[in-house]
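Student: I have a new structure to go through. Can we take it piece by piece?

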Amino acid sequence: MLVEDYEVEVASPECDLESPIYVAKVALSADISEAIPYVNATVEKGEFVPGLPALVFREGGRKYALRPREILISNITERPEALALARAMVGKINRIWDDRENIEPSYDSWEKPRVLDLLKLLPGTNCRECGVPTCMAFATRLSEGKTGVEECPHLARPENARRLMSLKELCG
Ligand code: SF4
C-alpha cells in the first residue's frame with residue numbers, strides 16, 4: 001500500500017470565500033509522484049504536468065488534482081462527503097499502484113479543445129435548450145469537459161451529423 005494515512009481539510013475556494021461549494025484538500029502521508037502516470041493511464045482526459053508531476057481529471061462530476069503529497073477535490077456540496085470521496089480516491093491510487101505491473105504508465109496530457117473551434121460547429125441559435133444561455137457558454141463548458149455534445153438536442157438532427165462528428169473528434 002502506497003498511501004497509508006491522510007488528513008482531509010475542507011475549505012471554501014480561495015476565489016470565493018462565501019461559496020456553498022467546497023474544496024477538499026487531502027494531505028497524504030506518502031509521495032505519490034511515481035503513481036501519478038499510472039493513474040493518468042486509467043482516467044479519461046487527464047491533464048498531466050510531468051515536471052511537478054501533477055494530474056487533473058474529472059470523475060463523477062468532480063474535478064480532482066493529484067500532486068506529489070496532496071489531492072484536491074472540487075465541487076463538494078456537503079462537508080461529510082469530502083471524507084468519503086477522499087477515502088475512495090486514496091483507495092483508487094493504492095489499487096492502481098499495487099497493480100502497476102499490469103498498467104502501462106501514461107505521460108500524455110489531454111489538450112482542451114479551443115472554445116472558438118467548438119463554437120463554430122454549434123448551431124448558433126442560443127436557444128437555451130442545453131440549459132445554458134448561449135452557444136458560447138455551452139462551448140466553454142464543452143471545452144472544460146463539464147458537459148457533452150448530447151446535451152444540445154439540435155446536434156442529433158440528420159442535417160447536423162457532420163457538425164456532431166467534428167465536435168466528437170475535437171472533444172475526444
Ligand atoms: S441547445 Fe445547442 S443551439 Fe441551443 S444554446 Fe445550447 S448549444 Fe446552442
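Student: Leaving aside its neighbours within four places in sequence, which residues is I93 in contact with?

Tutor: I93 is in contact with L2, V3, I32, A35 and V39. Contact is when the C-beta atoms of two residues, placed from the backbone, lie within 7 Å. This is a predicted model, in which local features need pLDDT of at least 70, side-chain atom pairs count only at pLDDT 80 or more, and totals for chains, interfaces and linings use all residues. Residues are numbered from 1 along each chain as its sequence is written.

Student: Which residues touch the most other members of the largest nonpolar core?

Tutor: V39, I71, I73, A86, M89 and I93 do, in a core of 24 residues. A nonpolar core is a set of buried Ala, Val, Leu, Ile, Met, Phe, Trp, Tyr and Cys residues joined through C-beta atoms within 7 Å. Buried means 20 or more other C-beta atoms within 10 Å of a residue's own, exposed means 12 or fewer, and partly exposed is in between, with C-beta atoms placed from the backbone.

Student: And which elements each supply at least two residues of this core?

Tutor: β2 (22-28), α1 (36-42), β4 (54-59), β5 (62-67), β6 (70-76) and α2 (79-98). With seven residues, α2 gives the most. Helices (H or I, at least four residues) and strands (E, at least two) are DSSP runs, numbered from the N terminus.

Student: What lies apart from it?

Tutor: Another core, of eleven residues, including L118, L122, F138 and L167.

Student: Switching to strands, how many bridges join β4 to β5?

Tutor: Five, and the two strands run antiparallel. Strands pair if DSSP finds at least two bridges between them. R58 has K63 in β5 as its bridge partner. β4 and β5 form a hairpin with two residues between them, and G60 in the turn has a positive phi of about 60°.

Student: Where is R67, then?

Tutor: R67 is in strand β5. R67 is partly exposed, because 18 other C-beta atoms lie within 10 Å.

Student: Last topic: which residues surround the ligand?

Tutor: Among them are L122, C127, R128, C130, C135, F138, C152 and H154. A residue counts as near a molecule or strand if its C-beta atom, placed from the backbone, lies within 6 Å of it.

Student: How many of the shell are nonpolar, polar and charged?

Tutor: Seven are nonpolar, three polar and two charged. Ala, Val, Leu, Ile, Met, Phe, Trp, Tyr, Cys and Pro count as nonpolar, Asp, Glu, Lys and Arg as charged, and the others, Gly among them, as polar.
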